[in-house]
2 protein chains.
Amino acid sequence: VKLTDLGTPALVVEQAALTHNLTAMAAALPGERLRPHVKAHKCTRLAAAQAEAGHRHFTAATVREVVGLARAGLGEDVLLANEVVDRHRLRAAVASGARLTVAVDSEETIAAAAAAGVREVLIDVNVGLPRCGCDPADAGRLAERARTVGLAVRGVMGYEGHVVGLPDRAARVEQTEAAMRLLLDAHGRVGGDVVSAGGTGTYDINTWATEVQAGSYALMDTAYGELGLGFVAALGVLATVISVGSGGWAVADCGLKALGMDHGNPTLADGGVVWYCSDEHITFSPADGAPAYRVGQRIRVVPAHVDPTVAYHEWLHVVDGDDVVESWPVDLRGW
Amino acid sequence: VKLTDLGTPALVVEQAALTHNLTAMAAALPGERLRPHVKAHKCTRLAAAQAEAGHRHFTAATVREVVGLARAGLGEDVLLANEVVDRHRLRAAVASGARLTVAVDSEETIAAAAAAGVREVLIDVNVGLPRCGCDPADAGRLAERARTVGLAVRGVMGYEGHVVGLPDRAARVEQTEAAMRLLLDAHGRVGGDVVSAGGTGTYDINTWATEVQAGSYALMDTAYGELGLGFVAALGVLATVISVGSGGWAVADCGLKALGMDHGNPTLADGGVVWYCSDEHITFSPADGAPAYRVGQRIRVVPAHVDPTVAYHEWLHVVDGDDVVESWPVDLRGW
């Protein structure tokens, strides 16, 4: 299959770039030092490539991701790094056959886990991001509560999401250490072997965690690309120019339903200037000095944020030059 | 099925509000005066409700929408109001059995339509929005070109997308008239019976078009809600509070993969204050004087932009109070 055979918009990943990213991460954080987060790509075939690179323990954000990983034979040790009170869904995660560990941060989430037959948990600790995780001072009490209702407590997790995107590396180092001091302090009161934390922006900084939950590194996006992390942009949306306007603009078939937009407009791989996106379209103009676009021409749109972009697409096409090497279903979408 | 039985995040539409919107639109633009745009909801069951309200001719943005409408028995007269050069996909639209009319705005799109066996087209005219559509001065030549290659030209279309969202109604009226003057001028040189234009923001203003392509009116969103159009917000995303932070915030399971974000943050139906969204979470705090949120509590998140929100979800649940009346598949997603 050739690139020109793909209907557009189509999510494409450069095989060489993906291989570079997987290899670089496996060298930096070999084996179980990395627990890849599948929410970034929602694709069991890509997860299998991460497992081949040595990382056989995964992080998931949804029950569907847990179940999908288990079905794909990747359920050796799956952390559902998210709070869930839906007992019906938690039971499905338990029934998947994965070795399942669930994040808990409250009496309610502990009760739900116990009621659903979950056996292992991590105490999720808030380390500075206003999101999930208990107050660090409350971690010991919650661990005791979990053990009282029969749950094994494997340790703690705490995501320094307020730090991973800081542009200045020195600030990332300093604030990661501050966040991890909170987590290690909680860990002292919780016990267990696991201290799970980190993301792509702190993968080589967070030496306090026993395992890092990075996910974006595999595909990358323009936001993380600005941090100089050693990973390269692997993902794009292939689009077709469908109209060329008399006012110097062109229009391609890659709009708001093909792009995560929370980080702002995408960019164009050829340096063209994005004007705006609408539901099914992107309007743009050529880079300075570049020739006018032609109807039928293919362009590469680079999303500002990978995760919500991938979640719109049914397929992830692995490409090498003009060849489509493999087409992987984005099979972990939804909830 | 009760609302409490739904797993979250879940896309829910209030039956009474939907009925109000469909009824109000059918009264304003009865029968074929409205050609509902299905891109806004991507749901053939909702399209069937629009057909029951009297509108049996539909607008589509993608070939998948055309094919889905035809399969659902709604292919009496479908306008693919978008430029397509993919002959393979155009052939699928032709083979769907729908009466198919395709928008063309260039020699390339005319050639693709002819090659794919399309029989009827509209000349898409640019009326001010920098997106698709030919220069108005070029419309007559393109119509002649289309007829030369054997296509029947039913008329013109031209979307005043730069006007539909203007907050001041007087400005909307004035600029719609200016846009439609361009379209009618082109129509004079193109011929045919159809002048297709308009959207939810100009549905009661655009009296120049023979048919209006509104779509958002059925579900509405906060952006259109500010225009005072006579339609009510019918759509929300039901979410579950999964964590309550010690700093006054709460977190629910409705994030960037459940919300179109190009119009900015969603709002909360209960008046709570949205802090930010991340991939799988929304962080927020109670309205002034409101009680703290509890883990397990359900909230209603109102998206800023309907179309890219719906495109993330597999199901649209029609609800009446605490009851789920029907669950409709969002079956026109993708491309």
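1. Let's start with A:M220, which counts as buried at 2% relative accessibility (buried means under 20% relative accessible area, exposed over 50%, and partly exposed in between, with a 1.4 Å probe and protein chains only). This residue of the predicted model sits in the loop between strand 8 and helix 8 (222-225) of chain A (helices, H or I of at least four residues, and strands, E of at least two, are DSSP runs numbered from the N terminus). Phi of A:M220 is near 60°, a positive value in a residue other than glycine. In the other chain, B:M220 is buried with a relative accessible area of 3%, and its phi is near 65°. Most residues other than glycine have a negative phi, and most peptide bonds are trans.

2. A word on conventions before going on. Residues are numbered from 1 along each chain as its sequence is written, while chains are lettered from A and ligands numbered from 1 in the order in which they are written. The model is predicted, so to speak of local features requires pLDDT of at least 70, side-chain atom pairs count only at pLDDT 80 or more, and totals for chains, interfaces and linings use all residues; side-chain values use heavy atoms, with hydrogens and water left out.

3. Two peptide bonds deserve a look. The bond from A:T8 to A:P9 is cis, with omega near -5°, and the one from B:T8 to B:P9 is cis with omega near 0°. A:P9 lies in the segment before strand 1 (10-14) of chain A, and B:P9 in the segment before strand 1 (10-14) of chain B.

4. On to the chain A sheet: seven strands with parallel pairing form an open sheet in the order 2-3-4-5-6-7-8 (two strands pair if DSSP finds at least two bridges between them). Strand 2 (57-60) and strand 8 (211-212) of chain A are the edge strands, each pairing on one side only. Helix 3 (residues 63-71) of chain A packs on the sheet and touches strand 2, strand 3 (77-80) and strand 4 of chain A, its direction making about 170° with that of strand 3 of chain A (contact means heavy atoms within 4.5 Å; axes are lines fitted to C-alpha atoms, for helices over the stretch in contact, and angles run from 0 to 180 degrees between N-to-C directions).

5. Within that sheet, four bridges join strand 2 of chain A to strand 3 of chain A, and A:A60 stands opposite A:L80. Both faces of strand 3 of chain A are covered, with A:D77 and A:L79 buried on one side and A:V78 and A:L80 on the other. Strand 5 and strand 6 (residues 152-158) of chain A pair over five bridges, and A:V121 stands opposite A:V153.

6. Which residues of helix 5 (residues 107-115) of chain A are buried? They are A:T109, A:I110, A:A112 and A:A113. These cover an arc of only 165° around the axis, which puts them on the same side of helix 5 of chain A (the arc is that of the directions from the helix axis to the C-beta atoms). The buried residues of helix 5 of chain A pack against helix 4 (87-95), strand 4 (100-104), strand 5 (120-124) and helix 6 (139-148) of chain A, together with strand 9 (235-244) of chain B. Just after helix 5 of chain A, A:G117 takes a positive phi of about 90°.

7. A:L151, in the loop between helix 6 and strand 6 of chain A, is buried with a relative accessible area of 4%. Not counting residues up to four places away in sequence, A:L151 touches A:I110 and A:A113, among others.

8. A:H41 lies in the loop between helix 1 (15-28) and helix 2 (44-52) of chain A and is buried, with a relative accessible area of 0%. A polar contact of 3.0 Å joins the side chains of A:H41 and A:Q50 (a pair of N or O atoms within 3.5 Å; within protein, one must be able to donate a hydrogen and the other to accept it, and residues adjacent in sequence count only if both atoms are side-chain atoms).

9. Finally, the two copies: a rotation of 180° with 0.0 Å of shift along its axis superposes chain B on chain A, with an RMSD of 0.0 Å (by least squares on the C-alpha atoms of residues with pLDDT of at least 70 in both). That is the relation of a two-fold axis. The same surface serves both copies, as 100% of the contact residues of chain B recur in chain A.
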